[in-house]
Amino acid sequence: MAEVELTNISKIFEGAAHPVLSDISFTVKDTEFVSLLGPSGCGKTTLLRIIAGLEEQTSGSLIIGESDMSRVAPRDRDMAFVFQNYALYPHFSVEDNISLGLRLRKIEKTEIAARVKATTEMLGLDALLARKPRALSGGQRQRVALARALVRNPKVFLLDEPLSNLDAKLRDKTRGELRMLFKKVKGTVIYVTHDQIEAMTMSDKIVILQDGKIQQIGTPNEIYEKPANIFVATFIGTPQMNILTKKEMQTMGYALTGTEPSLEDFTCGIRPEDLEVSVTARQGWVEGAVDLCEPTGALTTLTISVPGAALRASTTLKWPLDQTRAWFTFKHEHMHFFSSAEGGRIN
Amino acid sequence: MATTKSDRRSTAYKTAFYVFMVVSVIITLFPFVWMLSTSFKSPGEIFTKQPTILPQLWTLNGYKNLFAAVNMWLHLCNSVIYAVSITALSVLFNAMAAYAFAKLRFPGREKLFALLLVTMMVPGQVTMLPVFLILKSLGLLNSYAGLVLPGSAAVFAIFMIRQFMMEIPEEILEAARIDGFSEFAIFWRIMLPLCRPIIATLTVFSFIGAWNDFLWPLIIMLREDKYTLPVALASINGQYNTDWGLLMAGAVVVVLPAVLIFLMAQKHYIKGIAAGAVKG
């Protein structure tokens, strides 16, 4: 296991006008589980491929453990990669798929057998060793791909959206299993995903990317509670955070309390669960029309329209379906303020 | 059970289909059957007024005369050397070139490949003489090397294998690179096995092509002991008369290995053609 350090990694594809990645720097500590999260096209997979050595960075350096791996061939980096489509060798049996990496590294036969046995037992693949990949279900293939990575006992595990080809139910189950598995083997993991639930539930640390730039690095809670800018604020959390300009707040009739930044213009973000709602009028609360009421059991999501804006609120109240008016206010301590010009966080 | 109109129609369609297929099979097989039966007939029976499909009197004289007239084992040996070596070399070289064009990144790859395709427009007859002169100045006339080398890479085959290889997901190769395969091991242990259908197809093409080839061995191999089977067979075709029984026996000997190879590779062969059709 080892620490991974990226310094000013940039990548421009030949003939492209804009860089896919610019100035990416962060550190993955030993045994840490780090997610690269961002919308599609943000460069997260390219970054993972650069770490693996499958793409070459235009500039910047990559240090794994003590050694500079910036220009080292993939097979000498001692990393394992789990591909989105698993990329199993179709003409080899499950056992060969798992053990080939070890055999090519000239490891002793008895040790290979022991490691393959331990890994396949851990993943419940021991009954499938003789099969070819095409005779496996999607979930089984995914586990073979994982086994191929685990059995190598590499310095770093790189996973590229490994759950995206599974159905929703299996994905939920596998998410937890993966987390426990990597805890157990004390793996250093870099995990690419576009799914915020995966990133939030599995990671020690999340790196949020957009347009090839890092938007924020932090623990799941830090990112949720203190988003660094409007992009992160709206990207993380479902339903999405409400974003209101100072003007919109005034138009809807919200009385500023004086705790807001004393700026000409700012943008306020407030998460749906940080709106307090009421079915009756209250002193100082804003009145709005309930356009939509979506009960989901524990929580009910309301879409409330007010002059100049529409907001979403999540509440534990059992909202009466025929109630068309709502009164609401914001929990002050949970309001996020951003600069309207740059989008960066102010408070 | 009552038959409906559509049932009757499908029965009629099936009948017509089978009649058509049976007629096609007869038309295709008849020359082969005729060749086979003639090779077992006596010279008298070959020219009877009422032709017989099966010999009335079976005789092996055609074969005996064939083996007496020419050194069949020698020419068979020449043919095997020619066909096997050209097949082995061309499949290897074509697959290696195709791998480079399909999966390796190097500057000018597409241009080089286009140039290669352009050479397909030059007919073989045009290059035959210059190639002959080159081989002559290299002192390779009358040698197996001279016979085999010019045909040991074929643009069309490179094209076919490249198209097939392009369908193999890049991630499999990348997984192999991370797993520790060398570039040659990726080609040998991953790409080649995955290309089995197209390789089988081209093996059959190449083997049958070389086995039946007449013109090139004729002009390269000037000495009789270097003749391949088709050339040797043509040489016993006398100036004034033709011994048809002997000639047909010769034709059977020539055709047999080609048919056997085809039957053996048939399963992969058809897969390869179909795959090529969709992916090419």
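Colleague: In this predicted model, how many bridges join β13(A) to strand β17 of chain A?

Modeller: Strand β13 of chain A covers residues 275-278, and β17 of chain A covers residues 325-330. The two strands run antiparallel. The number of bridges joining the two strands is four.

Colleague: Which residues form the uncovered face of strand β13 of chain A?

Modeller: The strand has a covered face and an uncovered one. Leu275(A) and Val277(A) belong to the covered face. The uncovered face consists of Glu276(A) and Ser278(A).

Colleague: Leaving aside neighbours within four places in sequence, with which residues is Ile161(B) in contact?

Modeller: Beyond its neighbours within four places in sequence, its contacts are Asn94(B), Ala95(B), Ala98(B), Cys195(B) and Ile198(B).

Colleague: On the side of chain A that touches chain B, how many residues are nonpolar?

Modeller: In total, 17 residues of chain A are in contact with 13 residues of chain B. On the chain A side, β6 (79-82) and α2 (94-104) each supply at least two residues. Three residues of that side are polar and two are charged, while the nonpolar ones number 12.

Note on methods:
Residues are numbered from 1 along each chain as its sequence is written. Chains are lettered from A and ligands numbered from 1 in the order in which they are written. This is a predicted model: local features need pLDDT of at least 70, side-chain atom pairs count only at pLDDT 80 or more; totals for chains, interfaces and linings use all residues. A residue is buried if 20 or more other C-beta atoms lie within 10 Å of its own, exposed if 12 or fewer, and partly exposed in between; C-beta atoms are placed from the backbone. Two strands pair if DSSP finds at least two bridges between them. Two residues are in contact if their C-beta atoms, placed from the backbone, lie within 7 Å. Ala, Val, Leu, Ile, Met, Phe, Trp, Tyr, Cys and Pro count as nonpolar, Asp, Glu, Lys and Arg as charged, and the others, Gly among them, as polar.
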